[in-house]
Amino acid sequence: MADRRIEFYGKLGTGLSWVLLIALLLVISFPIVWMILTSLKTNAEVIAIPPRFFPSQPTLENFILLWREQDFLRYFCNSLIVACTTTTICVITSSMAGYVFSRFKSRWSEVLLMVILLTQMLPVILLLIGLFSLMRLVGLLNSYYALVISNTAFILPFCIWMGKNFFDTIPPELDEAAMLDGCSRHQVFIKIVLPLARPGLVATAIFAFITTWNEYMIALTLTSTDSMRTLPVAITKLIGQYATRWNRLMAASLIISLPAIAIFLILQRSFIQGLTGGAVKE
Amino acid sequence: MADFGESATFKEPSKRFYRAAKIRGLLMTGMKLRVSEKKKKDLFFIVLFLLPSILVLGGTIFLPLATSISLSFQRNILIDPNRNAFLGIGNYVKALISQAFWSSTGKSLLFVGASVFVAFLIGLSLALLLHKRMKFRGFLRGVGLLPWVIPPVATALMWVWMYQPHYGILNELLVRLGIIAEYGDWLGNPRTALLSVVIVNIWGVTPFFMIMLLAGLQPIPVQLYEASRVDGASKLQEFWYITLPLLRPTILVATLLQIIWQMRNFSLIWIMTEGGPLDATQTLVVHVYRQAFRLYRFGYGSALGVMLSMISLAIAVLYLRVFARK
């Protein structure tokens, strides 16, 4: 069946199709290429008029100097702390809830899951106003707590969904067999099901981490001092009124993009294949 | 209860009957106890494992939601708390008669409509092109997916740099290609700002359509095309009568999702223009944010947020009505 598909669609032979495809992809990738090229330029080259395409003296100084700057390190750590904490909480909580939803199916569990998923339909901005008010009341504004709690709120529902689906792939007969042998539910969960669900847990962790790392609006709203700002928020403040060090800015943008790009490169093959059917051989 | 049948007289059960009944009763209670033991243990487990999630979601979603909605019925200004009051639907009325509300809603619709439509078209083209077998297909698909992978912050900054009036590469390219005569201030000019932001959004959204439509193209059986070839159909007819209709569910889901998501797209616009210049790019979300977190009008901001939700819901329902024919 797959072979027939290949046979039939044939190769992308016609020149026109190739030209169109390459042209489209070149245009799409241009901004990213430009970002990379800019990050490799010296201060003088970046503001050269007219703009030159390739750096004549490519340099890594932008990246290096970023790290030397005290502030950048601080922002990076903030992002890292918030992302790691959120991820840990989400993975633990969602795997527990996902297991329950997977093993104890009933009408109320379906309703509950639906309600949880429906919360994803609410616009974050609306919830953010309430969150801000409540945080202010409790005095948690401008703290790691605020960021972790808020990010968890918007990531958890989907994590629970992912968790449930993943636990569904592990047959409940395994649980029952273990319990017949005398295991309690807790032991079944920790010793048997969890290790088997590791790929799912990893996926959940990656999703939670990258979503939190890239997050902008919540961090922007709930932090008010530089010392608490996360990387995305802090970087945008680097656009000065009069003079901006674009090369430094592009280098910082690349650093922010690193987790997402890294995961993407690692998973690219299986991700695209998984989404579009791996039946067709390359 | 025992059925005494037609017998009208009540026969006193024997002592043996009572004893047997007592034993049976005890056995049943015993069994019930054992069953409910297990059920109780399970219930304890369920509660224990669900409690963290319920608490977290309750406190971080439902509580703030209730807070926001209740705020929407008040005048609640952070920096001027003396004027706080209960307003009923006052905020909503204020919004409906405010020019800013309608103008920002209009900009939202423009922003969403243009972004989703164009991104869909380009994504469809890419999907059709990449559906065929070719060398480096995985790599090329990866390239097409890249804009989706880059975080919105980086996207916004990357494009702000490209749009830069004096040193930006876009101006240089356009001039060299002879499209424009001199450098323009794309993000600073109220007439070009919205278009510029829409272009960036299209760039970021296209990969989503590409990948969704690629996935939707996969299950289409080859036999359909073969049969149509036999009947003498042209490539265009193949596309219009076979591919498109079969892609319909995928297209519907993908566009609906994007419409809902783009209605709330905040980061991109805020980082690039903060809604300016002169409110040229102030979509509804940006308007809500500005009211709530720049002017600190929590009451009015919440009301606007609720209206944003209602509008999104209305659009979604309308969209499904029109396009999801059974």
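The model is predicted: local features need pLDDT of at least 70, side-chain atom pairs count only at pLDDT 80 or more, and totals for chains, interfaces and linings use all residues. Residues are numbered from 1 along each chain as its sequence is written, chains are lettered from A in the order in which they are written, and side-chain values use heavy atoms, without hydrogens and water.

**Chain A**
- Chain A has 14 helices and zero strands; helices (H or I, at least four residues) and strands (E, at least two) are DSSP runs, numbered from the N terminus.
- Of the 282 residues in chain A, 50% are buried, where buried means under 20% relative accessible area, exposed over 50%, and partly exposed in between (1.4 Å probe, protein chains only).
- Among contacts in chain A with a separation of 6 or more, 70% join residues 24 or more positions apart; contact means heavy atoms within 4.5 Å.
- Carbon and sulfur atoms hold 68% of the accessible surface of chain A, which comes to about 13,600 Å²; accessible areas come from the Shrake-Rupley method with a 1.4 Å probe, and for residues only the protein chains shown count as cover.

**Interface of chain A and chain B**
- The contact involves 90 residues from chain A and 89 residues from chain B.
- About 8,700 Å² is buried between the two chains, 79% of it on carbon and sulfur atoms; buried area is the accessible area (1.4 Å probe) that two parts lose on being put together, summed over both.
- One salt bridge is found across the interface, a salt bridge being a side-chain nitrogen of Lys or Arg within 4 Å of a carboxyl oxygen of Asp or Glu.
- Asp42(B) and Arg185(A) form a salt bridge, with their closest N and O atoms 3.7 Å apart.
- Helix H2 (residues 15-39) of chain A gives the most to the side of chain A that touches chain B, with 15 residues.

**Asn171(B)**
- Asn171(B) lies in helix H6 (residues 169-176) of chain B and is buried, with a relative accessible area of 0%.
- The side chain of Asn171(B) reaches the backbone oxygen of Gly184(B) at 3.0 Å.
- Not counting residues up to four places away in sequence, Asn171(B) touches residues including Pro165(B), Tyr183(B) and Trp186(B).

**Trp102(B)**
- Trp102(B) is in helix H3 (residues 99-130) of chain B and counts as partly exposed, at 49% relative accessibility.

Methods
A polar contact is a pair of N or O atoms within 3.5 Å; within protein, one must be able to donate a hydrogen and the other to accept it, and residues adjacent in sequence count only if both atoms are side-chain atoms.
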